[in-house]
Amino acid sequence: MQKTLLRCILISLCALVILGLSAVFSLNAGETPAAANEVTQVSVPKYTFSQYQGQLALFERGFAMPVEIYDVYLEMLPAEEQQRVINGIPAQTDEEIQKIIEDYTS
């Protein structure tokens, strides 16, 4: 009799713990940690201006060959601009692309 009562209490406690953990996980399931939100807010640019065979070129994310190569030779640019192009200039929108092209071709 005492073993049966002890077993029932133990089973009840385990069930309560499982229910409690289930409730906690289900409440947190819809929430995203703040750090995860910060990561998703920083977006990878769709395009990057860099150099290709010594010239300014526009690359699309995920492709090794440029979308467009411009008649802008890196050796003709100031050293800090050369380094900026080598490091990559991000562009997300058509407007950003157009602005960068104008900056380097005019």
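Predicted model: local features only at pLDDT ≥ 70, side-chain atom pairs only at ≥ 80, totals over all residues.

Four strands form an open sheet in the order β3-β2-β1-β4, and their pairing is antiparallel. The edge positions belong to β3 (68–73) and β4 (89–91); each has a single partner strand, so one side of each is left without a neighbour in the sheet. From one strand to the next, the twist averages 30°. Strand β2, which covers residues 55–60, pairs with β3 in the antiparallel sense over 3 bridges. Within this part of the sheet, Gln55 stands opposite Tyr73 of β3.

Two helices pack on the sheet. Helix α3 (residues 79–87) touches β1 (47–52), β2 and β4, and its direction makes about 120° with that of β1. Helix α4, formed by residues 94–105, touches β1, β2, β3 and β4. The direction of helix α4 makes about 140° with that of β4.

How many aromatic pairs does a search of the whole structure find? The search finds 1. This pair is formed by Phe49 and Tyr70 and is tilted, with 6.1 Å centre to centre and 35° between the planes. Phe49 lies in strand β1 and Tyr70 in strand β3, so the pair ties together parts that are 21 residues apart in sequence. Both residues fall under the 20% limit for burial: Phe49 has a relative accessible area of 0%, and Tyr70 has a relative accessibility of 12%.

Terms used
Residues numbered from 1 in each chain as written. Heavy atoms only, no water. Pairing = 2+ DSSP bridges. Axes fitted to C-alpha atoms, helices over the stretch in contact; angles between N-to-C directions. Contact = heavy atoms within 4.5 Å. Phe/Tyr/Trp six-rings, centres within 6.5 Å; stacked < 30°, edge-to-face > 60°. Buried < 20%, exposed > 50% of the residue type's maximum accessible area, 1.4 Å probe, protein only.
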